[in-house]
Amino acid sequence: MAALSSPLIAPSVLSADFSRMADEVAAVEKAGADWLHLDVMDGHFVPNLSMGTQLVSALRPHSRLPFDVHLMVAPVDSYIAAFAKAGADHIHIHVEAGPHTHRSLQHVRDHGVKAGLAICPATPPEAVEEVLDLVDMILVMTVNPGFGGQKFLTSQLRKIRTLREMADATGRDIRIGVDGGITPETATLATQAGADVLIAGTSVYGQEDYARAINALRTGGASRPA
Ligand code: DX5
Ligand code: ZN
């Protein structure tokens, strides 16, 4: 079943003005964001560096939004506790990060944090199958992770559909997020395929009016399945 109601919108602060980060976070909350997406890159799993626990904990008092932390880090286990302590409400690890995805998801849940599993464009949907019982959300990368401002890969729509079927078959409420190249147009494609959380950097922080940008994504993503 594809998502029928409005998707949740999670602006990614990777595209925000880092010199005014607390204001940027408050601004999207005021503009109607549902979650705040924080991208952590290690210069190893992905070819870029971004932010760490210090920024997450510094921002925590400035927002009531759930913090949706995307760890592009390998190996990841030794960082999970620190991000939970810094204020993450959800932690996404990558199925490709290894070495033991099952153990990593258990660690996330042991800290009372919702567990997300991110999946890169080249990885088939079956890669998440054996750990679905430990997952609260699947994060489908619709670009190769590491940079904002890339083009949405329509090749991933088929995977979103497959994962929506797999998630629904569990009988549990597993969210499916999409991350990378989300615009009002690609939001429509992604939600028609079954996504119900839209991560967006450029399409929110790259725009003049954040409220209008968030609304455009929500409206684009609220389209019913064809
Ligand atoms: C990419 C990050 C994304 C990024 C999305 O590796 O995971 O969250 O901020 O940026 P846009 O929306 O500009 O593609
Ligand atoms: Zn991300």
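**Notebook: salt bridges and a charged patch**

I counted the salt bridges and got 10. The model I worked from is predicted.

I looked up Arg172 first. I found a salt bridge between Arg172 and Asp136, with the closest N and O atoms 3.9 Å apart. I noted Arg172 as partly exposed, at a relative accessible area of 31%.

Next I turned to Asp196. I found that Arg164 bridges to Asp196, the closest N and O atoms being 3.2 Å apart. Arg164 sits in helix H5 and Asp196 in the loop between helix H6 and strand S8, 32 residues apart. I noted both Arg164 and Asp196 as buried; for Asp196 the relative accessible area is 12%.

Arg175 also forms a salt bridge with Asp196, at 3.5 Å between the closest N and O atoms. Arg175 lies in strand S7 and Asp196 in the loop between H6 and S8, so this pair ties together parts 21 residues apart in sequence. Arg175 is partly exposed, at 28%. I recorded Arg164, Asp168, Arg175 and Asp196 as linked in a network of salt bridges.

I then checked the surface for charge. Glu126, Glu129, Glu130 and Asp133 form a negative patch. I placed Glu129 in the loop between strands S5 and S6, and its 43% relative accessibility makes it partly exposed.

Last, I looked up Ala216, which is in helix H8. Ala216 is partly exposed, at 30%. I read 9.3 Å between the C-alpha atoms of Ala216 and Ser203, which are 13 residues apart along the chain.

Note on methods. Residues are numbered from 1 along each chain as its sequence is written. Chains are lettered from A and ligands numbered from 1 in the order in which they are written. This is a predicted model: local features need pLDDT of at least 70, side-chain atom pairs count only at pLDDT 80 or more; totals for chains, interfaces and linings use all residues. Side-chain values use heavy atoms; hydrogens and water are left out. Patches are made of residues with over 30% relative accessible area and no salt bridge: like charges are joined within 9 Å, nonpolar side chains (Val, Leu, Ile, Met, Phe, Trp, Tyr) within 5 Å. Accessible areas come from the Shrake-Rupley method with a 1.4 Å probe; for residues, only the protein chains shown count as cover. A salt bridge is a side-chain nitrogen of Lys or Arg within 4 Å of a carboxyl oxygen of Asp or Glu. Lys and Arg count as positive and Asp and Glu as negative; His and the chain ends are not counted. The place of a charge is taken as NZ of Lys, CZ of Arg, CG of Asp or CD of Glu. Helices (H or I, at least four residues) and strands (E, at least two) are DSSP runs, numbered from the N terminus. Buried means under 20% relative accessible area, exposed over 50%, partly exposed in between (1.4 Å probe, protein chains only).
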